[in-house]
Amino acid sequence: MKDVKTILLIEDDEGIIELVSSVLSESSMKIHPAMSGNEALEKMKLNEYDLLLLDYSLPDYNGADLLNKLQIEGIKIPPFIVTTGAGDERIAVKMMKIGAKDYLVKDYQFFENLPLVVNRVMREIE
């Protein structure tokens, strides 16, 4: 049996959390939601994750600031995919430069593309 991969889904929209969990439930991945940067920070202090799905715009941080905070706290940052409601090329380039494995806009193709991207990234990091 393939070991279960854990994903920390950092997302402040409950509907998106439910849909992402549903879309990714068919693969052998366990989704752990965090609805804010601070909640993600606390969870990452206690657990290690195989992948982060990081919404760029959170109530308390933007994606780059949260990653910086994790570094300052000495928390190991797993590979991460950035998601955003508003596609902005400058943010995409910035996040890719600091290590994002991919950048997905939450548009009409998001839930179709997400499993493909997550599976590709998981294969890359194995």
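1. Phe110 is buried, at a relative accessible area of 3%, where buried stands for under 20% relative accessible area, exposed for over 50%, and partly exposed for what lies in between (1.4 Å probe, protein chains only). Phe111, at 28% relative accessibility, is partly exposed. One aromatic pair is counted, on the rule that rings of Phe, Tyr and Trp (its six-membered ring) pair if their centres lie within 6.5 Å, with planes under 30 degrees apart called stacked, over 60 edge-to-face and the rest tilted. The ring centres of Phe110 and Phe111 are 4.9 Å apart and their planes stand at 75°, so this pair is edge-to-face.

2. A word on the basis of these values: this is a predicted model, in which local features need pLDDT of at least 70 and side-chain atom pairs count only at pLDDT 80 or more, while totals for chains, interfaces and linings use all residues. Residues are numbered from 1 along each chain as its sequence is written, and side-chain values use heavy atoms, with hydrogens and water left out.

3. In helix H3 (residues 63-72), the residues Gly63, Ala64, Leu66, Leu67 and Leu70 are buried; helices (H or I, at least four residues) and strands (E, at least two) are DSSP runs, numbered from the N terminus. These residues lie on the same side of H3, because they cover an arc of only 165° around the axis, the arc being that of the directions from the helix axis to the C-beta atoms. The buried residues of H3 pack against strand E1 (5-10), helix H2 (37-46), strand E3 (51-55), strand E4 (80-84) and helix H4 (89-97), contact meaning heavy atoms within 4.5 Å.

4. After H3 comes Gly74, which has a positive phi, near 75°.

5. The largest nonpolar core has 24 residues, and those with the most contacts inside it are Leu8, Ile10, Leu66 and Met95; such a core is a set of buried Ala, Val, Leu, Ile, Met, Phe, Trp, Tyr and Cys residues joined through side-chain atoms within 4.5 Å. E1, H2, E3, H3, E4 and H4 each supply at least two residues of this core, and H3 gives the most, with four residues. Apart from this core lies another, of 18 residues, including Ile16, Leu53, Leu104 and Leu114.

6. Thr83, in strand E4, is buried at 4% relative accessibility. Leaving aside residues up to four places away in sequence, Thr83 touches Glu11, Leu53, Leu54, Asp55, Tyr56, Leu104, Lys106 and Phe110.
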